[in-house]
Amino acid sequence: MEMICGTVYFMTAPAPLVSDLGPRVIAILDALARSIGVTDPTGNVAIPGITHDDIASMCKATRPTVSRVLERLEQRGIIVIGRRNIVVTKPLALRHKRWS
């Protein structure tokens, strides 16, 4: 019952401010990389089957806004965006760097 109540609260809670979006996207990428990510011999972590829409739903944000955050991370060399997958090239950067 507690799990159901927590899920209902999460689904009905108001969306956080847009200024919090970068850290929210990064936290979700980190959680996905740790839970379903596949690590290759070079240390890159592929998150298979994930789309911008999926991340937007998890963040309670729009897909275009999430796409802008992901593009910034790609420009910084932290991720590589593919078709229905994201490869985290610097997994530790998701956990140890301050983002604004």
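At what angle do helix α2 and helix α4 pack, and how far apart are their axes? In this predicted model, α2 (residues 21-36) and α4 (residues 63-75) pack at an angle of about 70 degrees, and their axes are 10 Å apart. Angles of 65 to 115 degrees count as roughly perpendicular, and α2 and α4 are therefore roughly perpendicular to each other. The protein chain holds 5 helices and 4 strands. Along the sequence they follow the pattern α-α-β-β-α-α-β-β-α.

**Chain overview**

- The protein chain has 100 residues, and buried residues make up 35% of them.
- Among contacts in the protein chain with a separation of 6 or more, 54% join residues 24 or more positions apart.

**The α2/α4 contact**

- Two packed helices are described by the angle between their axes and the distance between the axes.
- For α2 and α4, these values are about 70 degrees and 10 Å.
- From α2, the contact is made by Leu21, Gly22, Val25, Ile26 and Leu29.
- From α4, Thr65, Val66, Val69, Leu70 and Leu73 take part.
- By class, this contact of α2 with α4 has 8 nonpolar residues, 2 polar residues and no charged residues.

**The nonpolar core**

- In soluble globular proteins, nonpolar side chains tend to be buried together.
- Here the largest nonpolar core has 23 residues.
- Val25, Leu29, Ile55, Leu70, Leu73 and Ile79 touch the most other members of this core.
- At least two core residues come from each of α2, β2 (45-48), α3 (52-59), α4, β4 (85-88) and α5 (91-96).
- The largest share of this core comes from α2, with 7 residues.
- Val25 and Leu29 of α2 also belong to the contact with α4, as do Leu70 and Leu73 of α4.

**The sheet**

- The 4 strands form an open sheet in the order β1-β2-β4-β3, with antiparallel pairing.
- β1 (38-39) and β3 (79-82) stand at the edges.
- Each edge strand has a single partner strand, so one side of each is left without a neighbour in the sheet.
- β1 and β2 pair in the antiparallel sense over 2 bridges, and Thr39 stands opposite Val45 in β2.
- β1 and β2 form a hairpin with 5 residues between them.
- In the turn of this hairpin, Gly43 has a positive phi of about 95 degrees.
- β2 and β4 pair over 4 bridges, again in the antiparallel sense.
- Val45 has Val88 as its bridge partner in β4.

**Faces of β2**

- In a regular strand the side chains alternate between the two faces of the sheet.
- The side chains of β2 alternate: Val45 and Ile47 point to one face and are buried.

- α2 lies across β1, β2, β3 and β4.
- The angle between α2 and β2 is about 95 degrees.
- α4 also packs on the sheet, where α4 touches β3 and β4.
- The direction of α4 makes about 125 degrees with that of β3.

- Is Asp30 buried or exposed? Buried means under 20% relative accessible area, so Asp30 counts as buried at 13% relative accessibility.
- Asp30 is found in helix α2.
- Setting aside neighbours within four places in sequence, Asp30 is in contact with Leu94 and Arg95.

**Val80 in β3**

- Val80 lies in strand β3 and counts as partly exposed, at 42% relative accessibility.
- Not counting residues up to four places away in sequence, Val80 touches Glu74, Asn85, Ile86, Val87 and Thr89.
- Val80 and Ala46 are 34 residues apart along the chain, and their C-alpha atoms are separated by 9.2 Å.

- Lys60 is a residue other than glycine with a positive phi, near 60 degrees.
- Lys60 lies in the loop between α3 and α4, and counts as partly exposed at 27% relative accessibility.
- Arg84 is a residue other than glycine with a positive phi, near 55 degrees.
- Arg84 is found in the loop between β3 and β4.

Technical notes:
Residues numbered from 1 in each chain as written. Predicted model: local features only at pLDDT ≥ 70, side-chain atom pairs only at ≥ 80, totals over all residues. Heavy atoms only, no water. Axes fitted to C-alpha atoms, helices over the stretch in contact; angles between N-to-C directions. Parallel < 35°, antiparallel > 145°, perpendicular 65-115°, else oblique. Contact = heavy atoms within 4.5 Å. Nonpolar A, V, L, I, M, F, W, Y, C, P; charged D, E, K, R; others polar. Core = buried A, V, L, I, M, F, W, Y, C linked by side-chain atoms within 4.5 Å. Buried < 20%, exposed > 50% of the residue type's maximum accessible area, 1.4 Å probe, protein only. Pairing = 2+ DSSP bridges.
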